[in-house]
Amino acid sequence: MAVKGGKKRPAQSAQRPSKKRKVTDEGKAAKAKGKGKEHAFDKPTIPIPTKADDDDVELSEDDLGLLEEFGGAVSFLKSLDEKGIARSKKETERLRQLNKPIRKPVEDDLPSIHSHDEDSDAWSSGLEEMSADEDISDDEVSSEAESSTSAAERRRRKKRKEDSDEEELPFEVQPRKRRPSWEPESDKEKGIERLPIKLADGRIQKSGDKVYLDDGEEESGLDSDEESGDEKAKEAAQRFRVEDVSTGARFGRPAVVDVIGQKSRKARIQGAKEQIAGLCQEILGDPENSLGLLRRLHTFSLPQVSTPTHPEPVPNDPVIRKLTMLSQLAVYKDIIPGYRIRALTEKEKAEKVSQMVQRTRDWEQGLVSVYQSYLRGLEAELKAKSELAETALHCMCTLLVEVTHFNFRVNLMSSIVAALSRKSWNKTSDLCLDTLIKVFRADNTGEPSLEIVRLLNRMIKERKYNVHPEVLSCLLHLRLKTELGVRASESKADKEPSGKAMSKGRAAARRAKGKAADQPHLSKKAKKALKERKEIEKEMHEAAAEVDKEERATRHTETLKLLFVLYFSILKNPRPTPLLPAALRGIAKFAHLVSVDFSKDLLQVLKTLMTRDADGEHADGDTNAPAPGPHDASNIATVQHQLLCVVTAFELLSGQGEALDIDLSDFINRLYAILPQLALMPDIEAPPPSQARTSVRGPPPPSTADVLFRALHLAFTPRSSAAAPPPWRSAAFAKRLLSAALQWPPATAVRAIELVAVLVERDPKLEALLSTEDRAGNGVYRPDLDDPQLSNPFGTSLYELHTLAEKHWAEQVRVAAGKLLDSSS
């Protein structure tokens with residue numbers, strides 16, 4: 001079958017949509033539309049739409065009421081510019097361009113910015129005439145310059161050409177600055193040559209003109225440039241100096257220098273008061289964000305204030321400084337936390353912490369820094385003995401009492417102890433003494449007391465015991481072991497309950513291996529868990545902030561050791577010091593806490609001291625001096641020292657010394673010997689003289705009568721049934737006490753009669769002395785002997801008691817004596 005044709009059949013032409021016709025139709029329609037309607041922004045004005053028929057508007061009664069009430073407020077709408085409102089943006093821009101003002105160019109003497117172009121003829125150097133002649137050689141130019149050396153020619157070269165357009169400007173005429181050393185001596189008179197000129201063809205031609213300077217200008221040319229450069233640098237540095245928060249005008253307040261630099265003293269103080277009060281109020285409101293305010297407050301207490309913008313120091317007013325010190329004191333008492341802030345270690349600084357922890361650390365370290373600056377200022381005023389020294393000392397004493405736990409406690413203690421190192425006594429000494437007593441009374445841990453005792457011990461030894469005796473009186477207020485309880489290891493209530501008891505054989509086996517018998521066997525895992533538990537318990541104990549009884553007892557032991565070292569050094573001093581009575585009182589109070597090992601040595605020291613006073617040794621070593629009378633101050637002081645030695649000896653054996661069998665007959669005989677001298681003391685009931693006027697010392701120190709009857713009570717109170725005093729001793733003391741009662745004041749006489757009544761009641765043999773009937777006796781009574789055993793008291797009677805009961809002028813004495821006589825009959 002044959003194929004029709006060898007060609008492919010052509011494809012049918014698909015009838016496509018007529019885009020051309022469609023586009024043409026749309027373009028025509030657009031043109032027709034554009035011709036028929038104009039855009040609003042092309043129009044010069046846009047008409048304001050208005051309602052054609054206002055009668056069709058119906059208003060309600062409420063609208064009519066509002067219109068009547070507030071219709072006057074919209075009356076300004078009638079005066080609006082309708083044409084201005086209806087004007088289009090395009091028309092507004094056209095009118096603005098039409099009425100735009102034309103600025104005139106500023107006329108000045110500076111050349112145009114294009115004046116350096118080669119094609120420009122606006123200005124010239126005035127050398128074109130020379131450069132036009134290309135045949136002029138360099139030699140001719142130099143010869144011409146050398147020949148023009150006259151002064152008239154120099155003035156002519158400096159004169160401007162007013163009629164020329166190619167006039168040189170001033171900065172072109174100015175020569176270069178050169179040092180005189182740069183030029184040889186022969187060229188100094190030739191002047192300074194101007195810069196060469198580069199011609200159009202590239203050749204360089206010398207100008208040939210020279211400028212001659214005076215000697216002063218030549219020498220100071222470069223120096224003036226250097227000075228001007230330094231001045232500019234200083235001005236730039238001054239411009240970029242910024243006042244910091246502590247001195248500049250910040251927080252809506254004037255700068256500190258502006259406040260204290262006012263000429264009027266009244267305005268100066270008033271401005272400082274207002275700013276200090278505002279600063280304190282803001283600091284107390286938000287302490288953690290007020291470190292800058294704290295530094296600014298501290299600036300007001302400085303003696304001189306200088307700032308970056310005011311490098312010259314401005315002196316500060318003493319009144320402002322005093323107010324600032326007291327204001328800082330009140331602020332620190334309020335914002336100081338209840339814990340001690342320690343310095344961060346390098347490891348703690350390197351570790352990453354949260355933002356809140358870092359903020360707290362920054363505030364703590366900043367607070368310590370500002371507080372340290374404040375204390376340094378106070379210490380400087382105290383050492384300089386300025387007019388603010390008393391205020392500074394008051395601030396330091398208050399801080400030590402209120403924030404004893406905080407940093408720099410030892411610095412405060414050192415300053416206060418140093419203020420007590422004088423031999424004189426004044427009101428500042430009373431303040432320091434009150435401060436130390438308050439610290440001792442409020443101390444629960446024992447650490448502040450230990451630090452103060454250590455400082456006092458060092459200060460007294462460095463001063464060679466030349467301090468006021470009242471300094472040692474504060475040590476009587478120490479809170480040692482007897483007040484704060486016993487150690488925790490000795491208290492059954494504080495002992496942890498023991499675990500399961502170990503058998504005897506197992507305990508013996510552990511002891512044979514060198515291990516503790518009360519510790520059970522633990523595996524490695526149990527030991528690790530026990531170690532972790534102990535660390536956790538230690539951290540919990542630190543967080544609880546409780547007083548550790550073991551640590552407190554250790555501190556008290558150390559304090560007691562230092563205390564008695566100080567007392568012993570005063571007692572063993574070869575020359576008697578005014579501190580001896582205070583030391584004896586302290587030993588008498590704390591003697592029961594001393595270890596038994598030191599009791600014998602202390603008794604020997606007391607016996608030596610008492611004997612030295614009894615022998616009448618003089619401080620100046622003059623053995624030929626007359627003996628002091630009974631009313632002399634030296635004799636009274638000697639008697640008081642001996643009495644204190646006796647009391648101290650008995651107090652020493654009243655505590656742990658009760659277990660010692662020590663004969664105190666020497667001290668009893670000394671007490672018996674000083675009774676006649678005490679009978680002649682007129683002020684036996686008066687307390688010892690004291691210059692201290694303090695309100696926290698508690699009861700006044702005991703009088704001589706109190707110390708005497710304390711010694712008699714200890715001497716005749718038996719420590720055991722076998723240690724009862726013998727009858728002859730009681731009789732001798734009764735006889736001498738009643739003889740002294742004839743001279744004593746009524747109160748002391750009554751106490752003596754009551755003591756004799758106690759002695760008669762304890763020993764019935766003394767009743768024979770109350771009878772006046774004749775009786776047989778052995779020997780004669782010897783009142784001149786100071787040994788009670790040799791005085792033979794049973795050879796006489798207590799006839800003084802009848803005299804007191806019948807003829808004494810005080811009724812209370814007569815009643816007490818009569819009561820004793822009636823009891824015997």
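Is histidine 477 buried or exposed? Select the residue in this predicted model. Histidine 477 is buried, because its relative accessible area is 17%, under the 20% cut-off. Its setting is the loop between α19 (447-462) and α20 (481-484).

Arginine 409 belongs to helix α17 (residues 409-419) and glutamate 447 to α19, so the pair ties together parts 38 residues apart in sequence. Glutamate 447 is partly exposed, at 33% relative accessible area. Arginine 409 is buried, at 9%.

Select glutamate 390 and lysine 427. Their side chains meet in another salt bridge (3.4 Å, N to O). Helix α16 (residues 389-402) holds glutamate 390 and helix α18 (residues 427-442) holds lysine 427, so this contact ties together parts 37 residues apart in sequence. Glutamate 390 counts as partly exposed at 44%, while lysine 427 counts as exposed at 60%.

Move to helix α24, residues 580-590. Of its 11 residues, 9 are buried, so the helix is largely enclosed by the rest of the structure. Highlight some of the buried ones, including Leu580, Leu584, Ile587 and Phe590.

Arginine 782 and aspartate 784 form a salt bridge (3.1 Å, N to O); arginine 782 is partly exposed, at 37%. Then show Arg265, Arg268 and Asp317, which are linked in a salt-bridge network. The whole structure has 19 salt bridges.

Technical notes. Residues are numbered from 1 along each chain as its sequence is written. This is a predicted model: local features need pLDDT of at least 70, side-chain atom pairs count only at pLDDT 80 or more; totals for chains, interfaces and linings use all residues. Side-chain values use heavy atoms; hydrogens and water are left out. Helices (H or I, at least four residues) and strands (E, at least two) are DSSP runs, numbered from the N terminus. Buried means under 20% relative accessible area, exposed over 50%, partly exposed in between (1.4 Å probe, protein chains only). A salt bridge is a side-chain nitrogen of Lys or Arg within 4 Å of a carboxyl oxygen of Asp or Glu.
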